[in-house]
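Dear colleague,

Here is the structure that I promised to hand over, with my notes on it below. Please read them with the model open beside you.

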Amino acid sequence: TPFPLDSFRAYYGETVAFYFGWMDFFTKMLIIPGFAGTVNIVYMRVSGKSIVTCEWTTLFGVFMFLWGICFLRMWDRQESKLSYRWGTFDKGDGGMLKPKYEPRVQFQGQVQFSPVTGRLEKHYPMYKRRMKQFVSAWITLCMLSIAFVVMIMSLNLRGYVHPDHNRERWQNDDSHPFYFPSIAALSEKGAIFDATSTYCSLIPTIIHVVVIQTMNTIYRQVAEKLTEWENYETDHGHEDSLILKRFAFEAFDAFLPLFYLAFYEKDILKLRSELVQVFNFDMFRRMALEFIVPRATQIIGKKADDIRKTKKLDITKDDDDYTPLTDESELDEYEEFDDYLEMVIQLGYITLFASAYPFASAVALIANIVEVRTDLLKLTQVCRRPRPYRVGTIGTWKIVLICTVWLSALTNCLIFGMTSNQLMELIPNYLISDSDLDFVTGKGSIAAVVLIFGLERLMLVVGLIIYLALPSVPEDVQCELQRIQFVEMKESLEFRRSNLVEHEKTVMRPNVS
């Protein structure tokens, strides 16, 4: 059944409606890559090939990049339709209806005349904000360094880092810069976190997720204080800065282990294993933390609530101030950022690492069908109604989506060209394995690098052609906008003509006195 976006917009405002509109559109667009990824997995099972040697997975990585470009452009068109229908098309800066010079309530500055409005307004020197942004960047960098150390310790604990995995590269144990024997020993066979055991190997993953979740919670508070300290003049600038900080940190936590395994260890089997564990575990974590745990807490405290409500009903017999909104105000605050962040990171999993986990699109499709319902339950039963804002786009998140999709061209080329033998299996006459020291003239590592980056540039060119070929505004919306512009111009001309005629009559009227 069609998603009731108009009803959501009428009750919750455009901000919430745009999220669920994007979520519904994203889920529907996953049907095609989900089917293609399933076919790829079936082919691997039937042919007996692994993710290392499956040549068709190379084409799937290229397909996912082109799908991502089409997804971006098709969403632009859908977004234009929704914003036009809701009367928020092309309003203000970044889709915000508030004028960009309207200050925040928390904004502090020296009062002086504004060159824009000509009124006395608060002003804050830009150089001071730049200095604070520089300090914020260093604090963020320090916390990212801590996250990197946690990641290295976690990979050692799960047995992903060991010189024995590639003795040609690491001649001895001391030559591996990120190998810690005392920690890696806990993942050896028979140890407490045995990497070969199905259940014991999950414990370090759970520990890693809990630690990262804790660090994300801490940095969330740090980012909010830093952004407030930077003293942005508008809500739009404040929100953009906060989104950039939090996304940079949480995306770093989510993608850094995968980038490390893919491009430093160059082990696609470990990359796939980590991707499967993190991707699938993250799906259940989201459902638990967003709805199940808060809802269970509410159910457990239901008896106390019933007693409290009974007392309130007795009180309200003589108290006209009590309303049901009093109970709603005690609910948790709705965090739109968390919902967007989870979906954007999910898009990163299925596009950046498509050549390592083709089945991720199918898993994401099923997960999103459940996710959209848990989000609805969270919005209606766990959280209080958010404050509505009139917006015309999904804002800064669109920029994040664009960067993620375009980056996937490079990551997939490196995965199927260097991290695995997929490209070599697809075109064996042009490449040979890097492990073969008897390179043929015109082949080998140099030819592989040229071919990989040449293919990446070709993908970017084709993606750019598709991006430019699909207009961001549908023809019917363009027609309506042109019609509105024509009517406004016609009315303006008629108004000017009537004023001119009235002026001429006034001038030609004889002076009786």
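A salt bridge, as the word is used here, is a side-chain nitrogen of Lys or Arg within 4 Å of a carboxyl oxygen of Asp or Glu. Before the findings, please keep in mind that this is a predicted model, in which local features need pLDDT of at least 70 and side-chain atom pairs count only at pLDDT 80 or more, while totals for chains, interfaces and linings use all residues. Residues are numbered from 1 along each chain as its sequence is written, and side-chain values use heavy atoms, with hydrogens and water left out.

Confidence comes first. The average pLDDT (the predictor's confidence in each residue, from 0 to 100) is 81 for the protein, and 82% of the residues score at least 70.

Now to the salt bridges, of which a search of the whole structure finds 17. One of them joins the side chains of Glu 224 and Arg 220, at 3.5 Å from N to O. These two residues are four apart in helix α7 (residues 202-230), and they are therefore separated by about one helical turn. In general, an α-helix has 3.6 residues a turn, so residues three or four places apart point the same way. For accessibility, buried means under 20% relative accessible area, exposed over 50%, and partly exposed in between, with a 1.4 Å probe and protein chains only. Glu 224, at 35%, is partly exposed, and Arg 220, at 26%, is partly exposed as well.

Glu 250 and Arg 246 form a salt bridge too, their closest N and O atoms being 3.4 Å apart, and they lie four residues apart in helix α8 (residues 235-263), about one turn of the helix. Here Glu 250 is buried, with a relative accessible area of 13%, and Arg 246 is buried at 4%. There is also a network of salt bridges that links Arg 73, Asp 76, Glu 79 and Lys 398.

Which residues does Ile 69 contact, once its neighbours within four places in sequence are left aside? They are Val 405, Trp 406, Gly 463, Ile 466 and Tyr 467. Ile 69 lies in helix α4 and is buried, with a relative accessible area of 0%. Although Ile 69 and Gly 463 are 394 residues apart in sequence, their C-alpha atoms are 6.2 Å apart in space.

Finally, consider helix α2. Because 14 of its 16 residues are buried, α2 is largely enclosed by the rest of the structure. The axes of α2 and α4 (lines fitted to C-alpha atoms, for helices over the stretch in contact, with angles running from 0 to 180 degrees between N-to-C directions) are 11 Å apart, and the helices pack at an angle of about 145°. Residues in this contact include Phe 18, Trp 22 and Phe 25 of α2, and Trp 67, Phe 71 and Trp 75 of α4.

With best wishes

Notes
Contact means heavy atoms within 4.5 Å.
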